[in-house]
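Welcome! Take a moment to look over the sequence and the model below, and then we can walk through a few of its parts together.

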Amino acid sequence: MKVETKAIHAGNKQDQSTKAAIQPIVLSTTFERGENGDYPGGFMYSRADNPNRKSLENVIAALENGADACAFSSGNAAGMSVFQALEPGSHIIGPDDMYHGLRNQLKLMFKGILTFDFINLTDIELIYNSIKRETKLIWAETPSNPLLKLCDIEALAHIAKEHQLIFAIDNTFASPICQQPLSLGADIVMHSTTKFLNGHSDVSGGVLITKEKDAFWEKIKIVQGYGGAIPAPFDCYMITRGIKTLPYRMRGHVANAQALAEYLENHEAVEAVFYPGLKSHPQHELATKQMLSYGGMLSFLLKDGEEKAKQVVNNLKVFTQATSLGGVESLIEHRYSVEGQDTKTPKNLLRVSVGLEHIDDLMADLESVL
Ligand SMILES: *Cc1c(COP(=O)(O)O)cnc(C)c1O
């Protein structure tokens with residue numbers, strides 16, 4: 001089946017007792033056992049599993065063409081479960097522009113447990129030189145936040161295979177509609193479902209998807225079940241509901257982002273635009289090779305510096321000045337001031353999550369302040 005069909009059907013189970021067409025929310029934390037002590041409904045206790053969580057995991061695994069998925073209460077909890085599944089003393093190679101929430105998690109919570117190097121993952125030689133005997137995981141993020149840099153998924157998968165490393169990708173910025181890393185050789189994909197998958201900026205969640213149900217995946221299942229950072233049934237229902245329109249939403253996000261990127265690139269107040277769909281993007285060719293479409297995120301630099309950037313975000317009417325991404329409404333953010341002092345983000349950069357409003361209104365809003 002195609003993604004549009006999977007998005008609607010792979011996460012919905014008709015209720016056999018009421019014949020409700022839409023799967024109901026099951027709030028019960030416990031499930032009745034059979035006469036011989038088994039679990040005839042297939043569920044036992046809600047930390048271990050829940051019907052709405054199962055449906056969410058099924059639909060996301062189907063969209064990423066994975067063998068299985070584990071849902072969590074946030075993207076950070078999903079990422080953390082990969083790190084927790086590693087043996088103590090393991091070494092991780094991650095990107096120098098890794099999502100700051102996960103980079104800080106490693107630095108603040110895994111110090112003394114894991115070691116890590118945050119490097120430029122577009123530099124293949126540097127990656128080879130950074131691999132040690134203890135290296136177990138390459139963690140990549142493409143396109144990256146907030147500069148929309150790409151790394152070559154197939155090339156990284158090749159290195160990982162050569163050295164028997166686990167290769168995981170944070171696919172949040174792209175969404176499974178725009179990029180499917182498991183098909184390009186990744187072992188594990190992570191999403192913050194808070195973003196495009198839920199798509200309405202009203203639920204926190206995260207998910208991991210695996211290519212194979214191997215020994216490492218079993219460890220991740222242990223972290224999910226015993227660590228217990230599980231999403232509530234209502235949240236799972238909401239994300240499963242959001243996913244039904246994901247393929248169509250992404251088409252709108254991508255079309256608006258492409259048009260907005262081209263508009264900004266030709267604007268005299270703008271110094272540079274970062275969007276993989278622009279011919280001027282230094283990795284446009286790679287983007288065309290490994291992405292199915294170019295995504296709904298872009299960032300741009302203002303010629304008149306940080307002051308102008310702040311003036312722009314403060315005077316827009318349609319865009320909301322807020323962090324996060326992937327909702328139907330357009331968001332804009334001065335990224336430097338959220339990321340803290342060790343960031344490489346330029347001070348005159350604005351990051352945009354391009355929403356589904358009419359493109360004419362988005363352009364008119366920007367035109368009025370630029
Ligand atoms: C938001 C985000 C995360 C973290 O997800 P939460 O749901 O906020 O915990 C991880 N990676 C990327 C790229 C993100 O945008």
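## A covered strand

Let's begin with strand E5, residues 166-170, which is mostly covered: five of its five residues are buried. Keep in mind as you look that this is a predicted model.

In a regular strand, side chains alternate between the two faces of the sheet. You can follow such a pattern in E5, where Ile166, Ala168 and Asp170 point one way while Phe167 and Ile169 point the other way, and all are buried.

## The neighbours of E5

Which strands pair with E5? One of them is strand E4 (residues 135-141), which runs parallel to E5 and is joined to it by five bridges. Within this pairing, Glu141 has Asp170 of E5 as its bridge partner. To get from E4 to E5, the chain passes through helix H6 (residues 153-162), and this β-α-β crossover is right-handed.

E5 also pairs with E6: these two strands run parallel and share three bridges. Here you can find Ala168 standing opposite Ile188 in E6.

## Around the ligand

Now turn to the ligand, which is surrounded by 13 residues. Asn76, Asp170, Ser192, Thr194 and Lys195 are the closest of them.

What lies close to the oxygen atoms of the ligand? An N or O atom in the side chain of Ser192 is 2.8 Å from an oxygen atom of the ligand. For Thr194, a polar side-chain atom lies 2.7 Å from a ligand oxygen, and for Lys195 a polar side-chain atom lies 2.8 Å from a ligand oxygen. On its own the ligand has 380 Å² of accessible area, and the protein covers 89% of it. Helix H3 (75-84) and strand E6 (188-192) are the elements that give two or more residues to the shell around the ligand.

## Another sheet to explore

Strands of a sheet pair through backbone hydrogen bonds, either parallel or antiparallel. Elsewhere in the chain you can trace an open sheet of five strands with mixed pairing, in the order E8-E9-E12-E11-E10. Its edge strands, E8 (270-274) and E10 (320-321), each pair on one side only.

Take a closer look at the E10 end: E10 and strand E11 (residues 331-334) pair in the parallel sense over two bridges. There, Thr320 stands opposite Leu331 in E11.

Note on methods
Residues are numbered from 1 along each chain as its sequence is written. This is a predicted model: local features need pLDDT of at least 70, side-chain atom pairs count only at pLDDT 80 or more; totals for chains, interfaces and linings use all residues. Side-chain values use heavy atoms; hydrogens and water are left out. A residue is near a molecule or strand if one of its heavy atoms lies within 4 Å of it. A polar contact is a pair of N or O atoms within 3.5 Å; within protein, one must be able to donate a hydrogen and the other to accept it, and residues adjacent in sequence count only if both atoms are side-chain atoms. Accessible areas come from the Shrake-Rupley method with a 1.4 Å probe; for residues, only the protein chains shown count as cover. Helices (H or I, at least four residues) and strands (E, at least two) are DSSP runs, numbered from the N terminus. Buried means under 20% relative accessible area, exposed over 50%, partly exposed in between (1.4 Å probe, protein chains only). Two strands pair if DSSP finds at least two bridges between them. A crossover is right-handed if, with the strands pointing away from the viewer, the path from the first strand over the helix to the second runs clockwise.
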